[in-house]
Amino acid sequence: ENKAKSLHFFLRAGEVLKAGRQITIKTMPGEFRLPVSLEPNSNQISVEARSLDMIDEIIAKTVIDQSSNIPHVRKFLSSELRYMIAQPNVQTDVTFRFLTNRPMFVGQSIYFRLSGF
């Protein structure tokens, strides 16, 4: 459910999930989107079991362990490098404009490696 940021799974009519049984749930392509970053075993992912009408709690919400870390990925959505005077061997001002996919905070740095400079 996109608005609630949750996935819902149901047992088929007449089926019983026995205690202690390990299950694997697979989603369809495009059905589940990972966040840009997430700490290992973050408490942001949990599982619970509720009645079909979502009123009765069958199994309380429990934080789950993640088998895979989601690495932090920061990238430039767009970038532009401009020179005030674009002539060889002339000192000039440089302007760099960019748009990132993630917020940047005080203390974070961007490093430039300009080949040939």
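1. Phe98 is partly exposed, with a relative accessible area of 37%; here buried means under 20%, exposed over 50% and partly exposed in between, with a 1.4 Å probe and protein chains only. Please keep in mind that this is a predicted model, where local features need pLDDT of at least 70, side-chain atom pairs count only at pLDDT 80 or more, and totals for chains, interfaces and linings use all residues. Residues are numbered from 1 along each chain as its sequence is written, and side-chain values use heavy atoms, leaving out hydrogens and water.

2. The whole structure holds four aromatic pairs (rings of Phe, Tyr and Trp, the latter by its six-membered ring, with centres within 6.5 Å; planes under 30 degrees apart are stacked, over 60 edge-to-face, the rest tilted). Strands are DSSP runs of E, at least two residues, numbered from the N terminus.

3. Phe76 also pairs edge-to-face with Phe98, at 5.5 Å and 70°. Ring pairs join Phe76, Phe96, Phe98 and Phe112 into a cluster.

4. Now to the loops: Asn89, between β3 (76-83) and β4 (94-100), has a positive phi near 60° without being a glycine. Asn89 counts as exposed, at 84% relative accessibility.

5. Met54, in the loop between β1 and β2, likewise has a positive phi, about 65°, and is not a glycine. Its relative accessibility of 43% makes Met54 partly exposed.

Conventions
Helices (H or I, at least four residues) and strands (E, at least two) are DSSP runs, numbered from the N terminus.
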